[in-house]
Amino acid sequence: MAGTTGPKRQDTRKFFENLSGAGKSIAVLTSGGDAQGMNGAVRAAVRMGIYVGAKVYFIHEGYQGMVDGGDYIKEATWESVSSVLQVGGTVIGSARCKEFRTHEGRLKAAHNLVHRRITYLCVIGGDGSLTGANLFREEWSDLLNELLEQGLIDEEAARSNSELHIVGMVGSIDNDFCGTDMTIGTDSALHRIIEVVDAIMTTAQSHQRTFVLEVMGRHCGYLALVSALACGADWVFIPEMPPEDGWEDNMCLKLSESRSRGSRLNIIIVAEGAIDRQGQHITSDLVKNLVVSRLGFDTRVTILGHVQRGGTPSAFDRILASRMGVEAVLALLEASTNTPACVVSLVGNQAVRLPLMECVQMTQEVQKAMDEKKFDEAVRLRGRSFENNLSTYRLLASQTARSELPNSSFNVAVMNVGAPAAGMNAAVRSAVRVGITEGHKMFAVSDGFEGFYKGQVKEIKWGDVGGWTGQGGSLLGTKRTLPAKHLDEIAEQMRIHNINALLVIGGFEAFESLLELYEARANYKEFCIPMCILPATISNNVPGTDHSLGADTSLNAIVETCDRIKQSASGTKRRVFIIETMGGYCGYLATVGGLAAGADTVYIYEEPFDIRDLQANVEHLTQKMKTSIQRGLVLRNENCNENFTTDFIYQLYSEEGRGVFDCRKNILGHMQQGGAPSPFDRNFGTKVAAKAIQWITRTLKESYKEGRVFTNSEDTACLLGMRRRAMLFQPVVQLREETDFVHRIPKEQWWLKLRPLMKILAKYKTSYDVSDAGQLEHVTRVRPKESDTAAAI
């Protein structure tokens, strides 16, 4: 791998060491409604600012603090953002400020900033807060002239503070800002909703009840739509796409059909801003009364309210906020006179910078389209991620009577291979239901390829997968057995059941299995059928994809445990915890978990280390213990080094830190594999499985000739993976070149770029390649055709 960076590559790389913050003052504020993860963004912006040599200030209580000045604007230190990563809300306070909307208010704010020579602003908030910041920037030179005329500042102050630079980060649980796939706080809000839905489902089942859940989203139905997808709700009401006239009859018919198929509960999700085609509000009480009067079902309403804003941020929001905070400081350092105010944002898996006002205008256009009853236009303007969620929901909530479904006469088998991963069941449910909707006969294979060769293959119906979305592990059963030794028996089973296509949901073993089946096509015509893998493993070590199903749930389990462990140290000062994570040779869980938990050091196989590095890390922690942050967190991937074991590192740290700090060690083990899937994994599993089945349907039609399915081309044995911004079907045989089979990892891994970021936030001097940092783009640009994103939960 060292040989891949030739001199040419070296020339094009741009390192942030060339970007100095010396002599610059950056202020960070949070404004508008709070959102979990805002503290992660504040922490990252403060630490990155201090790291590059700038002075960084907190502005407490949002714009109100900027207007009032005084103690509301305080210099931030490295330690002042310690222990905030796991705290919800915003520790520097947020407030709605009427005064800032007036010219006088903005004049006071400008005076307070000039007084401290602050000309760089990092604003974390919704579209209102960001619009206010942009107006402030546009008026800046006029405000300075006014202050000069009033004698409040001198000419030197006006000259040296002549330009105000602004970068925004969107913190909003509603995910209602155009141009970004995910806003800070959305994923955590989904966690709160799904926790409630899971709890409600058990009581609803006991009493055969219908529950109407009202979630936040006055102008945006994202939370309602995604939580409906993630829990398999029977019906959802969102402002962007009101139900067709006569929805009352359709909904009641669907609910009674579901009961007659044996379901003991119904879940209906209502966004607080839901409307009908005439623009009339659809309230949760209206829906409840309708169900009671028409069907007589025992129905209850639960309004989630501010629960959705509260609680600790999810792993996703911490990583998103940390990446955005660092990116915001880079954008400020690179800003020039003619750079427009921008927002840093995430599209797919990539940080981008977008002109702030273009995003705001597009967000306002959505509302305009809704007001004018152009609902299809509103959905389109919300972006591809929203569109994909809606189309997947419609596909799964198909109101077509079973008798009216097309009949394709194709048989499609679904199976799990490898270790269990959260989200596998959501993917199987989605595959089965979309397959049935497309007219196929769906078959389930139990216990992986071991079950396949033993004949554990049976037809699976619509009702068989009810309630699977929220279940952890693998309900089909899964084994690590590879098919190579049992090809005869597997081919025989495929003949018996006339299997025309195969969907394999699993980890590295699934990838190897499909390669073996592809290579066996020359000898077995049974394998000359469309075959597709959906990567599902907590280790995230499958080539061809940035994200594997199950990794998000596992990260949340790691982060939750690290939070508890760190909390246990708050009583006993000067303690270092050494925690071992899973992942085989892949350091994804350790690295990204370390970034989300605020680790001091993370040891992984991909970045070799020696005894001198261990010594330097101990010394780093010794220095840290002299500050007010008297605890340390060290993560170690299970296979990072065969000699430097967890015990060895624990003993070394204990010995070298004697008298300065004491040590404890934890091996997290299989708790990383279990638990209910996170909203991200439920939704990602549901969407990618639907996409895979649609690809299988297309490929089946293309390869059906002379009464049978036959295809032996490499592009019909594919892996569906997410690459940066796009979902791509990639032939497994081409991915072979990208794979290190000895260590079961891809040769190139995107998340290694996050390691310098993690080190910077832990106060290590390091080199950070920013040539991949977000470049300023335009919102109106058409996204890549297949672009559905993992970030677009």
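Welcome to a predicted model of a protein chain with 793 residues, of which 62% count as buried. Its secondary structure comes to 25 helices and 27 strands. Here is a short tour, from the whole chain down to single side chains.

- Strand S24 covers residues 717-723, and six of its seven residues are buried, so the rest of the structure largely encloses it.

- Strand S1 (residues 25-30) is mostly covered, with six of its six residues buried.
- In a regular strand, side chains alternate between the two faces of the sheet.
- In S1, Ser25, Ala27 and Leu29 point one way, while Ile26, Val28 and Thr30 point the other way; all of them are buried.
- S1 pairs with strand S2 (residues 55-59) in the parallel sense, over five bridges.
- Within this pairing, Ser25 stands opposite Lys55 in S2.

**Overall shape and surface**

- The radius of gyration of the protein chain is 27 Å, which agrees with the value near 28 Å that a compact globule of 793 residues would have.
- Along the principal axes, the C-alpha trace spans about 90 × 70 × 50 Å.
- The chain exposes about 30,000 Å², and carbon and sulfur atoms supply 48% of that area.
- Take the contacts between residues at least 6 apart in sequence: 79% of them join residues at least 24 apart.

**His165**

- His165 is found in strand S5, which covers residues 165-170.
- Its relative accessibility is 6%, so His165 counts as buried.
- The side chain of His165 is joined to that of Glu163 by a polar contact of 3.2 Å.
- Leaving aside residues up to four places away in sequence, His165 touches Thr119, Tyr120, Leu121, Arg137, Leu332, Ala335, Ser336 and Thr337.

**Thr591**

- Thr591 lies in helix H20 (residues 588-597).
- With a relative accessible area of 1%, Thr591 is buried.
- A polar contact of 3.0 Å links the side chain of Thr591 to the side chain of Arg755.
- Arg755 is also among the residues that Thr591 touches, along with Val602, Ile604, Trp751 and Met758, once residues up to four places away in sequence are set aside.

**Glu248**

- Glu248 has its place in helix H9 (residues 247-260).
- Unlike a buried residue, which has under 20% relative accessible area, Glu248 is partly exposed, at 25%.
- Glu248 and Leu290 are 42 residues apart in sequence, yet their C-alpha atoms are 7.6 Å apart in space.
- Glu248 touches both Leu290 and Arg294, not counting residues up to four places away in sequence.

**Cysteines**

- A disulfide is a covalent bond between the sulfur atoms of two cysteines.
- The structure holds zero disulfides.
- For a disulfide, the two cysteine sulfur atoms must be within 2.5 Å.
- The closest cysteine sulfur to that of Cys97 belongs to Cys122 and is 18 Å away, too far for a bond.
- For Cys640, the closest cysteine sulfur is in Cys586, at 13 Å, which is again too far for a bond.
- Cys97 counts as buried at 9% relative accessibility, and Cys640 counts as buried at 6%.

Notes:
Residues numbered from 1 in each chain as written. Predicted model: local features only at pLDDT ≥ 70, side-chain atom pairs only at ≥ 80, totals over all residues. Heavy atoms only, no water. Helix = DSSP H or I, 4+ residues; strand = E, 2+ residues; numbered from the N terminus. Buried < 20%, exposed > 50% of the residue type's maximum accessible area, 1.4 Å probe, protein only. Polar contact = N/O pair within 3.5 Å; in protein donor to acceptor, adjacent residues only side chain to side chain. Contact = heavy atoms within 4.5 Å. Rg over C-alpha atoms; globule rule 2.2 N^0.38 Å. Areas by Shrake-Rupley, 256 points an atom, 1.4 Å probe, with all protein chains shown as cover. Pairing = 2+ DSSP bridges.
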